[in-house]
Amino acid sequence: MADTCGQVLLGSGLTVLSHPLMYIKVLIQVGHEPLAPTLGRNLFGRQVYQLPGLFAYAKHIMKIDGKAGLFKGIGPRLCAGSIGTIVHSNVLQKCQEHGTLQALGGQQKAAEGSIQHVVNETTKEMIARSCATIVTHPFHVITLRCMVQFIGRETKYSGVFDSVVTVYKEEGLLGFFAGLIPRLLGDVLSLWICNLLAHVINTYAIDDSMSHTGEIKNCSQAVTGFFASMLTYPFVLVSNLMAVNNCGLAGGLPPYASVCPTWVDCWRHLSREGNMSRGNSLFFRKLPAGKIYAVDQNRFF
């Protein structure tokens, strides 16, 4: 219990610190570009037109809403993080206890470091993460909608309780789970890619006789995690867009977003437009090829 409380407190602190970054990322994902491109230089020193990065975007938000404006949607996000940590911890503990009971019942326990051990541990983690994601997704939806209100200057979603009532009245229970399927798929794929790839690298590319083997294996886990998140980013983008799609906010309606009946339609639309990586980078954002910036609409078309 003490460990869980510590995780909740640590997670809440990290959530508060990272919230402005997520806020800006979501607005870029939706396609809101309030600042015109400027002439700058890329990593190789070549002059190119670039879109405003993290700091320029943050200054724009603070100019309109002040410093507190960078923390729009922090309430439901803190709820999601705290509840998610508790659910994840409890479910994972139950899974571990079930595995221990199976071992005591005579079933052979997989050797540490074997592929079977990796599969078993990844399966337990997948179950715990999926349960936490499903339980906290309603708060995630409310968080995203609170953020996207910046585009149309709406105040439709103002607090956690009022937002819950609004979603239920307008969309019913299903409204709380908009964008859940691509989010779950992305989480599961990312977890399996990360753990299996790390296992292959640690088993076949790293010699146990090397010095600092533990640090190298931890580093490989971090690298494979980053690689897996890059591969599965389109699922994150589609999930976030579907969470705000056609919800009555300017950021979820044309001209910013096409109304998509399903997440597959949203995926196809983004793919056709060449926007599957939109919002993936907050620095060195180059001007999209073949796109024209509409000053009056603060977006590209």
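Begin by selecting Leu-51 and Arg-285, because two strands pair if DSSP finds at least two bridges between them, and here Arg-285, in strand 3, is the bridge partner of Leu-51. Strand 3 (residues 285-286) runs antiparallel to strand 2, and 2 bridges join them. Strands (E, at least two residues) and helices (H or I, at least four residues) are DSSP runs, numbered from the N terminus.

This is a predicted model, in which local features need pLDDT of at least 70 and side-chain atom pairs count only at pLDDT 80 or more, while totals for chains, interfaces and linings use all residues. Residues are numbered from 1 along each chain as its sequence is written, and side-chain values use heavy atoms, with hydrogens and water left out.

Next, select residues 38-41, which are strand 1, together with residues 47-51, which are strand 2: these two pair in the antiparallel sense over 4 bridges. Within this pairing, Gln-50 of strand 2 is the bridge partner of Thr-38.

Now move to helix 2 (residues 54-65), whose end C-alpha atoms lie 16 Å apart, in agreement with the 16 Å that its 12 residues should span at 1.5 Å a residue, where the expected span is 1.5 Å times one less than the number of residues. Which residues of helix 2 are buried? They are Leu-54, Tyr-57, Ala-58, His-60 and Ile-61, where buried means under 20% relative accessible area and exposed means over 50% (1.4 Å probe, protein chains only). Seen down the axis of helix 2, these buried residues fall within an arc of 160°, so they line one face of the helix; the arc is that of the directions from the helix axis to the C-beta atoms. On the face turned away from the buried side, select the exposed residues Phe-55, Lys-59 and Lys-63. Just after helix 2, Gly-66 takes a positive phi of about 80°.

For the last stop, look at the largest pocket, which holds about 1,600 Å³ of space. Select Arg-77, His-140, Arg-183, Asp-187 and Val-236, which are the closest to its centre of the 44 residues that line it. A pocket is an open set of points on a 1 Å grid over the protein atoms alone, where a 1.4 Å probe fits, with protein on both sides within 12 Å along at least five of seven lines, and lining residues have an atom within 4 Å of a point. The volume is the space filled by probe spheres set on the points, which are joined across faces, edges and corners. Helix 1 gives the most to this lining, with 12 residues.
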